[in-house]
Structure formats: C-alpha cells, structure tokens
Amino acid sequence: MGYDYDISLPVYEQVKAGNIQTSKAKVYEAICALGPCTDRMIAIKLGWEINRVTPRRGELLSAGKIRLMKKDFCPIGGKRVNWWVNAKVQLDLF
C-alpha cells in the first residue's frame, strides 16, 4: 500500500494548522464532559471502538491529566471496571 497524497497531505496540513483535534484531546474532552466515566462510556460518546479509546486514555493517565476515581460496576457492561475523572476534579471523600 503506497502513500496516498490525495488524503494524507491535506490531513497533515490541517493538523499542522491546528484545525484537527488529536484523538487524545477528544478523549480528554469526553472525560471532562461525562464526569466520572468508564472506557466504554467514552467509546460510546465518541462513537469509537474501545480499543481506540484505551491507549489514548492511558496516555492521559501517564501525563497526569486524568486519574482513577474508583473501581466499580459499569452500568453498561455490568463488570467491575475503572472509573476515570479529570485530575482537576475535587472529590468529596466525606
């Protein structure tokens, strides 16, 4: 498969100009908009497959932009999962 100049070059120019938001930024905005959420909730909000979400969420976690809020059951899948929240959110512990 060769390089597709008809598609790749215009997209590159848009990214360079700041007109396209990165996947990581979209995941971060979804977490901020949803509040406490799971990877599956993020995937549904963005209309993405979950395997596209989890690497970006991992990058945000490593960068300190988000944090693990709790491990609890997902209302969608019913399994015990991690719940993520924006690192700037203050959590009431009492």
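Begin with the contacts across the whole chain of this predicted model: among those with a separation of 6 or more, 38% join residues 24 or more positions apart.

Next, colour the chain by secondary structure.

Of the 94 residues in the chain, 21% are buried.

Now select Val27, Ile31, Cys37, Ile42, Val53, Leu60 and Ile66. These belong to the largest nonpolar core, a set of 13 residues, and they touch the most other members. Two or more residues of this core come from each of helix H2 (23–34), helix H3 (39–46), helix H4 (50–62) and strand E2 (80–86). In soluble globular proteins, nonpolar side chains tend to be buried together.

From this core, centre the view on Leu60. Which residues is Leu60 in contact with, leaving aside its neighbours within four places in sequence? They are Lys24, Val27, Tyr28, Ile31, Lys65 and Ile66. Val27, Ile31 and Ile66 in that list were also selected in the previous step as core members.

Move to helix H3, residues 39–46. Its buried residues are Asp39, Met41, Ile42 and Ala43.

Finish at Gly47, which follows H3. Inspect its backbone torsions: the phi of Gly47 is positive, near 70 degrees.

Methods: Residues are numbered from 1 along each chain as its sequence is written. This is a predicted model: local features need pLDDT of at least 70, side-chain atom pairs count only at pLDDT 80 or more; totals for chains, interfaces and linings use all residues. Side-chain values use heavy atoms; hydrogens and water are left out. Buried means under 20% relative accessible area, exposed over 50%, partly exposed in between (1.4 Å probe, protein chains only). Contact means heavy atoms within 4.5 Å. A nonpolar core is a set of buried Ala, Val, Leu, Ile, Met, Phe, Trp, Tyr and Cys residues joined through side-chain atoms within 4.5 Å. Helices (H or I, at least four residues) and strands (E, at least two) are DSSP runs, numbered from the N terminus.
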